[in-house]
Amino acid sequence: MAQVSNNKSFKSIVSITLMAVALGLTACSTPVDPDVKARQDSMKSWGDAMGIMGDMAEAPDTFDAEVFKEQAAFLAKDSASPWSHFENQEATGNATEAVWSNVDGFRTEADNFQKATAELNTVAQTATSIDQVLPAFGQVGESCKSCHTDFKVKKD
């Protein structure tokens with residue numbers, strides 16, 4: 001019987017220790033602002049979609065019109081989603097101060113991205129080859145780069 005009691009005590013000690021460690025790690029983690037998380041999640045999804053289409057652009061023999069069409073439609077549909085998450089100036093994340101000091105410029109970049117993704121989607125819906133979508137795909141990439149130049153913190 002003593003062995004059972006010791007075993008229960010050991011399990012209790014291990015359980016308490018694990019809970020304390022978990023709570024400690026939770027307390028030490030940096031909370032992410034919901035606005036920052038929402039826009040980063042959206043832009044990560046855009047990057048994933050661009051990666052899928054970019055792989056096809058780099059290897060034209062892998063072009064799959066249906067997959068490209070789906071990714072382009074996703075970008076066009078989601079292109080308006082993150083911009084409302086830039087209203088809180090305290091939720092900077094990877095955004096530069098210029099997002100809030102140059103609101104008109106930032107809004108122009110967001111509008112350009114939405115136009116570029118809409119055009120890509122239009123072209124992709126009837127495309128049968130990568131050559132038909134490359135110009136519009138390039139415009140989306142340029143739009144991303146243009147916005148990141150002034151409005152995203154540079155990483156070393």
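1. Ser79, which sits in the loop between H3 and H4, counts as buried because its relative accessibility is 3%, where buried means under 20% relative accessible area, exposed over 50% and partly exposed in between, with a 1.4 Å probe and protein chains only. Helices here are DSSP runs of H or I with at least four residues, numbered from the N terminus. This is a predicted model, in which local features need pLDDT of at least 70 and side-chain atom pairs count only at pLDDT 80 or more, while totals for chains, interfaces and linings use all residues. Residues are numbered from 1 along each chain as its sequence is written, and side-chain values use heavy atoms, with hydrogens and water left out.

2. A polar atom of the Ser79 side chain lies 3.0 Å from the backbone oxygen of Ala76, and the side chain of Ser79 also makes a polar contact with that of Thr117 at 3.4 Å; a polar contact is a pair of N or O atoms within 3.5 Å, where, within protein, one must be able to donate a hydrogen and the other to accept it, and residues adjacent in sequence count only if both atoms are side-chain atoms. Not counting residues up to four places away in sequence, Ser79 touches Trp46, Phe113, Gln114 and Thr117, contact meaning heavy atoms within 4.5 Å.

3. The buried residues of helix H3 (residues 65–78) are Phe68, Gln71, Ala72, Leu75 and Asp78. Seen down the axis of H3, these fall within an arc of 140 degrees, so they line one face of the helix, the arc being that of the directions from the helix axis to the C-beta atoms. The face turned away from the buried side carries the exposed residues Glu70 and Lys77.

4. Leaving aside neighbours within four places in sequence, the contacts of Phe68 include Met53, Leu120 and Val133.

5. The structure holds 0 disulfides, a disulfide being a pair of cysteine sulfur atoms within 2.5 Å. The sulfur of Cys147 is 8.3 Å from the closest cysteine sulfur, in Cys144, which is too far for a bond. Cys147 is buried, with a relative accessible area of 10%, whereas Cys144 is partly exposed at 24%.

Note on methods
Helix = DSSP H or I, 4+ residues; strand = E, 2+ residues; numbered from the N terminus. Expected span 1.5 Å × (residues − 1).
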